[in-house]
Each structure stands twice: as structure tokens, then as C-alpha cells.
Amino acid sequence: MDIEAVRTRLLDFILIGERKEAMDLLDDWASRYHWRATIVELLEPVLDEVGKRWSAEKISLAAGYMAGKIAEDVLLKAVQAEEAIPQIKGPVVIGNIEDDYHSLGRKLVTIFLRTAGWRVIDLGNDVRAEEFVDAAVANEANIIGVSAMMLTTAENIRNVRQEMDRRGLSGRIKLAVGGAVFKMRPELVVEVGGDGTVASAVDAPRLMAQLSGMEDAHDLA
Ligand code: B12
């Protein structure tokens with residue numbers, strides 16, 4: 001079966017709520033092509049499609065919820081499979097900004113960074129500006145990564161930049177931002193005070209390498 005057909009099957013399973021069948025399909029793909037490829041080639045495009053249909057109000061809340069649950073199952077398995085990788089780069093402090101609970105994108109970014117050898121301090125959902133900056137200072141992190149899915153919550157990222165400025169840290173710490181809203185409105189990156197973004201978790205290691213001024217950032221991703 002070609003990958004397009006597998007994606008269609010996965011999407012169908014998600015839409016009719018067949019969680020076990022969806023997981024079996026993903027498990028089978030991962031056993032042949034590894035979890036990383038399974039996330040990039042299967043899960044992400046299907047989540048994207050679910051997101052589009054949700055936005056167009058073509059699917060139910062239940063189907064959206066099911067997509068989230070399946071994605072979390074997959075991420076857990078991927079983390080378990082990858083735990084042996086030494087975390088020698090970073091650290092990066094990451095979290096969803098205050099009032100934002102869209103955790104899936106952040107979790108994907110965390111996994112891709114960890115599998116590329118970055119130490120990630122994940123602060124979770126609904127993180128206030130001061131908490132981001134406190135954690136970066138306490139862990140001597142040079143990068144803060146903030147995820148926001150909504151226009152309203154993206155606006156809260158301005159507080160992170162202000163807090164960094166207030167403490168005189170903007171020269172030392174870079175601010176990476178990301179999430180669905182930045183894909184829809186790329187100009188927001190600069191407006192909220194971000195230093196850079198990428199549209200997919202797969203490119204997050206390259207972004208972090210660039211922001212931390214590592215030589216030859218392309219090879220590091
Ligand atoms: C799933 C979902 C939910 C789930 C979240 C489940 C979870 N555990 O994450 C639930 C049901 C909880 C939810 C709730 C809400 N949601 Co919602 N949700 C979505 C949906 C359908 C998909 C988001 C998603 O998970 N995408 C899949 C992931 C993998 O993609 P991603 O998030 O873009 O992340 C990738 C990149 O952006 C990037 N990235 C992400 N973060 C970062 C960070 C950094 C530093 C970097 C470098 C990169 C990066 O890498 C990721 C992986 O490749 C979107 C629609 C859409 N088209 O996006 C709406 C959407 C984001 N939600 C929306 C809304 C309005 C809400 C609610 C207010 C609904 C309500 N009335 O209650 C609440 C608000 C909750 C809150 N306060 O946060 C709106 C936002 C509108 C706007 N533009 O402001 C959207 C766009 C839907 C819509 N069109 O109405 N939601």
C-alpha cells in the first residue's frame with residue numbers, strides 16, 4: 001500500500017473513532033520505517049488534515065479529541081523508543097504560553113529536539129512569562145521556545161520578550177516561537193518579539209542550532 005493510501009486509512013480510523021486500529025497501523029509503519037518517519041510522514045500530515053477539517057467545521061469535537069489522543073499515544077511510544085539518545089545540546093526551555101492548552105505541537109517539537117540530542121526542559125501548558133524566564137535563568141538556557149495556537153494567546157508572548165528585556169537578557173537568550181497561528185500569520189513572529197520560527201517540528205533542531213549560533217547549523221538538524 002502506498003503512503004497516500006495509508007494516510008487515508010489512518011484519517012478514516014481517526015474520524016470513526018477506531019483508536020486501536022489507528023495505533024496498529026502506526027505501530028506497523030514504525031516497525032518498518034522508525035517512529036521519526038512515522039511521525040513526519042504519517043501522523044503530521046493526517047493531524048494537519050484533521051486540523052483543516054476542524055477549522056472548516058467539517059468534523060466533530062469527538063473526532064478532534066480522538067486525533068489528539070492517538071497523537072499522544074504515538075508520542076509516548078516514540079519517546080520510549082528514543083530514550084537512549086544522549087542530550088548534549090542546549091538546554092532549551094519550552095512551553096505553551098499563558099492561557100494556551102494546545103499541547104500536541106509542543107510535544108512534537110520536544111520529541112524532535114530530544115531525538116536530535118537537545119536537552120529540553122518542558123514547562124507544559126499555560127506558562128507565564130516570568131516562569132519561562134526564571135526557568136531559562138535557573139538552567140542557563142540560551143533559548144526559550146514558546147508555543148501558541150491562537151491569536152489571543154500569541155499576544156501573550158509579548159510578555160516573555162518584555163520580561164527578557166526587563167532583566168537585560170535579550171542579548172543572551174533567544175526567543176523561538178511556533179504554532180498554528182504563526183503558520184497562518186507569519187508576520188506575527190516579529191510582532192510578538194520572536195527571533196525565529198519553523199512550521200514543523202522536524203525543522204525545530206535546525207532552528208535551535210541557528211539561534212544558538214552553532215556552526216554549520218544545517219548539519220546539526
Ligand atoms: C486539536 C485542537 C484543539 C485541542 C487541543 C488538544 C491538545 N492536547 O493539544 C482542544 C480541543 C483542547 C482545543 C481547544 C481549543 N481550541 Co483548538 N484547535 C485544535 C486544532 C484542530 C489542531 C491543533 C493541533 O494540535 N495541530 C497539530 C499540531 C501537530 O500542529 P501545530 O499545533 O501547528 O504544531 C506544529 C507547528 O506549529 C510547530 N510548533 C508548534 N509549537 C511550536 C513551538 C516552537 C518554539 C516551534 C519552533 C515550533 C512549534 O511544530 C508543531 C509540530 O510540527 C486547531 C486547528 C488548526 N488548524 O490548527 C484548533 C485551533 C488552534 N483551536 C482554536 C480554538 C478557538 C480553540 C478553543 C478556544 C475552542 C473553544 N471554544 O473552547 C479552545 C482553547 C483552548 C486553549 N485555551 O488553549 C482555534 C484558534 C483560532 C485562532 N486563530 O485564534 C483553531 C485554529 C481552530 C479554529 N479555526 O477555530 N483545540
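Which residues come nearest to the ligand? Tyr101, His102, Ser103, Ser147 and Ala201 do, out of the 32 residues around it. A residue counts as near if one of its heavy atoms lies within 4 Å of the molecule.

## Basis of the model

This is a predicted model, in which local features need pLDDT of at least 70, side-chain atom pairs count only at pLDDT 80 or more, and totals for chains, interfaces and linings use all residues. Residues are numbered from 1 along each chain as its sequence is written, and side-chain values use heavy atoms, with hydrogens and water left out.

## Domains

The domain assignment of the chain gives domain 1 (3–82) and domain 2 (89–220). Such bounds come from an automatic or database assignment. The centres of the two domains, taken over C-alpha atoms, are separated by 25 Å. Twelve residues of domain 1 are in contact with eleven residues of domain 2, where contact means heavy atoms within 4.5 Å.

Both domains give residues to the shell around the ligand, so the ligand lies between them.

## Ligand site

The ligand sits in the largest pocket. A pocket, found on a 1 Å grid over the protein atoms alone, is an open set of points with protein on both sides within 12 Å along at least five of seven lines. To sit in one, a molecule needs more than half of its atoms within 2 Å of the grid points. Elements giving two or more residues to the shell are α2 (19–55), α4 (103–115), β3 (143–147), β4 (174–178) and α8 (180–184). Helices (H or I, at least four residues) and strands (E, at least two) are DSSP runs, numbered from the N terminus.

α4 gives the most, with five residues. By type, the shell divides into 17 nonpolar, ten polar and five charged residues. Here Ala, Val, Leu, Ile, Met, Phe, Trp, Tyr, Cys and Pro count as nonpolar, Asp, Glu, Lys and Arg as charged, and the others, Gly among them, as polar.

## Backbone contacts and geometry

A backbone N or O atom of aspartate 99 lies 2.8 Å from a ligand nitrogen. Polar backbone atoms also lie by ligand oxygen: one of leucine 104 at 3.1 Å, and one of alanine 201 at 2.8 Å.

Aspartate 99 is in the loop between β1 and α4. Its phi is positive, about 75°, although aspartate 99 is not a glycine. A cis peptide bond joins glycine 90 and proline 91, with omega about 10°. Proline 91 is found in strand β1 (residues 89–96).

Key. A polar contact is a pair of N or O atoms within 3.5 Å; within protein, one must be able to donate a hydrogen and the other to accept it, and residues adjacent in sequence count only if both atoms are side-chain atoms. On a 1 Å grid over the protein atoms alone, a cavity is a set of points where a 1.4 Å probe fits but cannot get out, and a pocket is an open set with protein on both sides within 12 Å along at least five of seven lines; lining residues have an atom within 4 Å of a point.
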